[in-house]
Amino acid sequence: MTTRLTVAQALVRFLEAQHVERDGVRTPFFTGCWGIFGHGNVAGVGQALLQHEVAGGRLRYLQGRNEQAMVHAAVGYARHRDRTAAMAVTASVGPGATNMLTGAALATINRLPVLLLPGDTFATRVAQPVLQELESPTAGDVSVNDAFRPVSAYFDRVDRPEQLASALLGATRVLVDPALTGAVTIALPQDVQAEAHDWPDELFAERTWHLARPVPEPAALQRALDVVRGARRPLVVAGGGVLYSGADAALRAFAEASGVPVAETQAGKGSLPHDHPQALGAIGATGTTAADALANDADVVIGIGTRYSDFTTASRTVFAEGARFVNVNVSAFDAHKLSATSVVADAREALVALTAGLDGWTAPAEHTARATALAQEWDRVVEAAYTGPAPATDGRLVQSQVIGVVNETTDPRDVVVCAAGSMPGDLHKLWRTRDRKGYHVEYGFSCMGYEVAGGLGVKMAALDEVEAGLADDRDVVVMVGDGSWLMMSSELVTAVAEGVKLIVVLVQNHGFASIGALSESLGSQRFGTRYRRRTASGLDGDLLPVDLAANAASLGADVLRAVTIEELREAVLAARASTRTTVIHVETDPLVPAPDSPAWWDVPVAEVSELASTQEARATYEKHKTDQRHHLTPAPAPTTGRDRASQPKDPS
Ligand SMILES: Cc1ncc(C[n+]2csc(CCOP(=O)(O)OP(=O)(O)O)c2C)c(N)n1
Ligand SMILES: [Mg+2]
């Protein structure tokens, strides 16, 4: 049997029918389709979504304000659902499509599934160039959508209806693959979207994809255990893979059985609650003194579900040259990093197997005790930062106080969302995570503008979990700087339209505090990082007369202005009690930093310069460069039982 539908109608039908199963739980995979329409998708995918909605279809249509932001929302959604559900995003040809590129890169870098459906120029090319078409004098088959190839985990273009089935199956295969997932792009020429075809009905049959939990190969597990058992000062580095796999309980069991302390990357923060005696908190360039000290001394580093970004390794200065690595990762690509003994497996499966294989082994008790003592020491630093460090120069709050108030006035299950600026580093060091899903900082791409849109996706995911009976409701608290806000806060309108409640803490410090501090430390004198009026000597005039609170109110949110700690506390409580989206506006002093991490981050300084500040910074830079390690020592060779070369000669 066949059904006659357009390519776009068939696509929507297919998306509606996809389900996933993990640990015996079956749920719909695609839960919505974001879209902004233009001539490249309005009559194709747009018509199909309308027809679907009129027929009472399951897949909801979500209207966004910016294509990049729609991708962010979809990514935030998928992350909060631990990659067990995803959304699609449809855009028109040209700028609608290219607006999605940043979101695509963000999704692929963070290994988070999103299905991108950019419209494409006519497959038939009859009236080319169509509005917004990129013409190439040297290639006839190129469009702007080819720019998606390097930032997509999978790319396809459907030039004929017959190609759709293979494109959809290939796309979904990659989206549900924990080792490959990311942005999956299917470019859809605008004429092909509207073209009818007789589709085999099986294409629309309900399909259940298994979300794989690959188990460790026994020999690889054994090698890993041999390295771990030889350790005197081991350390776990927990990455995002721990959370996506739902391996937090298994990690805790492993840590408690072995006495190995646990440090967390940005994506892995929340793997252990902050007050667990073995929780060292953040590692790396934005690490705690506890985690970074243990990392410096570690003889064996057990990385679980981590990409080892330069923030995690402090640009390869945080681990000693002789350290051995044992990497558990579902992706062989990550598992092999830093010359590790690699275990290519699901984090939860591997942790359970490692715990069982410990066979009574524990790290030396004094090592575990040292970790706990150092963690407590750092917690006292956090406490001091929360309650108020040095008095702010002019009565404005400082950022660490804002973080403290938000942490202490929200529910342990609430989710804090952030992405770029000085807050991700401060949150990494200072946020007391009390729930495995309580910390959502996008730091793979650290994309300014992710915050509000990503937070919207997180809240939608939380609401879907409530509806599916998987979890209770929780508030989502977006923490966003003025720079990120100005770059992209437009999805606040979508939150209002959808009746999805967000709490937004808008931290106004009149510029880029993060890059300002970085610039100063690199001898570049905070050049170009303040928001000021231009004078004869540069951008160094008065503060700009912008009122971001009024801006937020104009977008339909309730707005509260907080000046003192007490007002901020009241505002967060009021926002929690409200059912509406509330933006809390607070001014902070950009010149008072949070307690510093002891680690370094490699950002090259000009080798020659006419500025004394740059010359000094270069000298410091060169000193730090000498601390950088290679981590090229091969992992112990697999044992073969009997090594052939050393076998005794056959006496016969
Ligand atoms: C899209 C994008 N452009 C540029 C950057 C580089 N960058 C990182 S933080 C930052 C400034 C952020 O300013 P704001 O949101 O006000 O936060 P603050 O640094 O003041 O805490 C910039 C420009 C980025 N991460 N993302
Ligand atoms: Mg700022």
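I take buried to mean under 20% relative accessible area, and I keep in mind throughout that this is a predicted model.

**Entry 1, a buried pair.** I looked up aspartate 82 and lysine 437 and found that both residues are buried. They form a salt bridge, in which the closest N and O atoms are 3.8 Å apart. I then traced where the partners sit: aspartate 82 is in the loop between helix 3 (67-80) and strand 6 (86-91), while lysine 437 is in the loop between helix 17 (423-430) and strand 19 (439-441), so that the pair links distant parts of the chain, 355 residues apart.

Next I turned to arginine 252, which pairs with glutamate 256 in a salt bridge whose closest N and O atoms lie 3.3 Å apart. Both belong to helix 10 (residues 248-258), and because they are four residues apart there, about one helical turn separates them. Arginine 252 counts as partly exposed at 36% relative accessibility, and glutamate 256 is also partly exposed, with a relative accessible area of 45%.

I also checked lysine 625, which forms a salt bridge with aspartate 602, the closest N and O atoms being 3.1 Å apart. Here lysine 625 lies in helix 24 (residues 612-625) and aspartate 602 in the loop between strand 23 (582-587) and helix 24, a link between distant parts of the chain that are 23 residues apart. Lysine 625 is partly exposed, with a relative accessible area of 34%, whereas aspartate 602, at 18%, is buried. I noted as well that salt bridges with shared partners join Arg81, Asp82, Asp248, Arg436, Lys437 and Glu465 into one network. The count of salt bridges comes to 35.

Finally I followed the chain into helix 21 (residues 513-521), whose buried residues are Ala513, Gly516 and Ser519. Viewed down the helix axis, these buried residues fall within an arc of 125°, and therefore they line one face of helix 21. Just after this helix, I noted that glycine 523 takes a positive phi of about 80°.

Note on methods
Residues are numbered from 1 along each chain as its sequence is written. Chains are lettered from A and ligands numbered from 1 in the order in which they are written. This is a predicted model: local features need pLDDT of at least 70, side-chain atom pairs count only at pLDDT 80 or more; totals for chains, interfaces and linings use all residues. Side-chain values use heavy atoms; hydrogens and water are left out. Buried means under 20% relative accessible area, exposed over 50%, partly exposed in between (1.4 Å probe, protein chains only). Helices (H or I, at least four residues) and strands (E, at least two) are DSSP runs, numbered from the N terminus. The arc is that of the directions from the helix axis to the C-beta atoms. A salt bridge is a side-chain nitrogen of Lys or Arg within 4 Å of a carboxyl oxygen of Asp or Glu.
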